[in-house]
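Colleague: I'm new to this one, and I'd like to learn how to read it. Could you walk me through it?

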Amino acid sequence: MSKRIFKMCPEFEDIMPDEYKELVEKGPYGKGYGVSDLGNFKELIEEHPLCAGCGLALALRLVIASLPVPEETIVVGSTGCSSLLFPQVALHNIHSIFGNQNAVATGLKRAMQLRFPDKEKDVVVIAGDGATADIGLDMVMQSWFRRERLTTIMLDNEAYANTGGQESGMSVEKKVLNMAPTGKKFPKICLPEVAREAGCDYVATVSSANSRRIEKVVRQAVLTAREVGPSYVQIFSPCPTNYKFKSHESVAMAKAREKDGTYSMVEYVSDNARSFLEGLKEEAKHAKRN
Amino acid sequence: MSTLKYKVAAGPEGYLPPAAASCGIVLPEKGEALIEGAIVPEEEAMLEIVKKLQNASNPVFFPGPLLLWDWKEGVREKAKEVKEFADLMDARIIPMPDYRPKYPMINPEIEINPNHPNLTIWHNQIDVCVFIGVHCHYANVALKIVRGGTDCYTIALCAEMGHEDAMISLRDVGLQKIKALKEIAVKLKKGGQG
């Protein structure tokens, strides 16, 4: 996409709603903003219909602010809470049928490479735990086996949250939910380890309470997918509605799970990805010195 | 299926109107256009477009993203011509800047959205509207909703093959066709027949 797409035809500037004028003047396109700049630019997502205190909404806000080049990024989503929010985002995004997201993203990435051979188009899959670890696991893992240059981000709220609270593969063992009254019978799926073994070059888990780490891992994951191979980021996004805590406790809940070790924070980086990311760091240091 | 020719007339046709294509309406070849589902020479359709706009009590142009954003060579020139054409027709312009189904809802006074275009038409009491610069798949959605829920007369000035669900559909609309429409409008205003 050309950045010209964010320039209005002068004939119509006077009739364009203010929010579009603000997006052009104060939006993040082409400016390299990040999480630390939040509050100083017009964000690509500002309103959403998700529940008050939704950890997933917070995670998405931070992920979108962390994308290295939003104007060259296409997000593929899937059914779930996040799919209620994505239509509001001022970013190219495609909704896929439940579970198909990594298959759709594969086709999209390949098409983009053919259509724009001289440009890097980042295709980022953002879906919930149900779409990623349960219903779409086949498509997700096959894309990793094929080493598709995609970033897969799971927003893990540990439940099927917008259908009343069924257990997902990512719910913790024995957890009782609205639609799982006798408690979950098997452990949480260790998807980061599955991703590592399935061929992902960069894998990280993070919680929605840790904005700096989200920025770091999302950027590393997207850049790794662009140059090295598939990447996977899993973001713990607590759900106040189904896990029955107050909406203002969402961040504290995420921090507590991180602290007590019931949501482990891991990072697996392949040798190729490590050498690529270290090269980037060196380049950045060199650029800073000069 | 009825053998009677389906007429793509102004609505309201009711919730979920049939797609005109499913009722036997086909898109015209080059040099042709559609008026209420019937294939006619494009000159005839262009004259009818100007007449409809001229006789409307509240005509409105809905330029879409392909025309509002200066995204490639030639767009700005086309935008200028469309603006002049709308001014010539004393038509208001309400933009469709993108296709997001916004939350909680759009402001129908100043914008139109393809997912609920009826809100803008109802709010502004628009009797004739022109869709231009809207990607075809969203134009199809919007035109069908407008026909289903409003009595607004729809005109599609399409850069591609046109739209069965518009009451008048002109295809291959580029700079020259907009200029030609302007010329017809000037002639009609002076009392000629176009």
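This is a predicted model: local features need pLDDT of at least 70, side-chain atom pairs count only at pLDDT 80 or more; totals for chains, interfaces and linings use all residues.

Colleague: Which residues in H1(B) and H6(B) meet?

Modeller: From H1(B) you have B:Met46, B:Leu47, B:Ile49, B:Val50 and B:Gln54, and they meet B:Ala180, B:Leu181, B:Ile184, B:Ala185 and B:Leu188 of H6(B). Sorted by class, the residues of this contact are nine nonpolar, one polar and no charged.

Colleague: On to the two chains. How many residues does each chain bring to the contact?

Modeller: In general, the size of an interface is often given as the accessible area lost when the parts come together. For this one we have residue counts: chain B puts in 21 residues and chain A 17 residues. On the chain B side, the elements giving two or more residues are helix H2 (65-68) and helix H3 (75-88). H3(B) gives the most to that side, with five residues. By class, the side of chain B that touches chain A holds 13 nonpolar, one polar and seven charged residues.

Colleague: And the inside? Which residues touch the most other members of the largest nonpolar core?

Modeller: That core has 72 residues, and the ones touching the most other members are A:Ala59, A:Val63, A:Ile153, A:Val233 and A:Ile235. Helix H2 (residues 55-66) of chain A supplies the largest share of the core, nine residues. Take A:Ala59: setting aside neighbours within four places in sequence, A:Ala59 is in contact with A:Leu155, A:Ser208, A:Ile214, A:Ile235 and A:Ser237. Another core, of 57 residues, lies apart from the largest one, and its members include A:Cys9, B:Trp69, B:Val82 and B:Ile126.

Colleague: Let's finish with one residue. Where is A:Ala252 found?

Modeller: Look in helix H10 (residues 250-259) of chain A. A:Ala252 counts as partly exposed because 13 other C-beta atoms lie within 10 Å, while buried would take 20 or more and exposed 12 or fewer. As for separation, A:Ala252 and A:Ala209 are 43 residues apart along the chain, and their C-alpha atoms are separated by 7.7 Å.

Technical notes
Residues are numbered from 1 along each chain as its sequence is written. Chains are lettered from A and ligands numbered from 1 in the order in which they are written. Two residues are in contact if their C-beta atoms, placed from the backbone, lie within 7 Å. Helices (H or I, at least four residues) and strands (E, at least two) are DSSP runs, numbered from the N terminus. Ala, Val, Leu, Ile, Met, Phe, Trp, Tyr, Cys and Pro count as nonpolar, Asp, Glu, Lys and Arg as charged, and the others, Gly among them, as polar. A nonpolar core is a set of buried Ala, Val, Leu, Ile, Met, Phe, Trp, Tyr and Cys residues joined through C-beta atoms within 7 Å.
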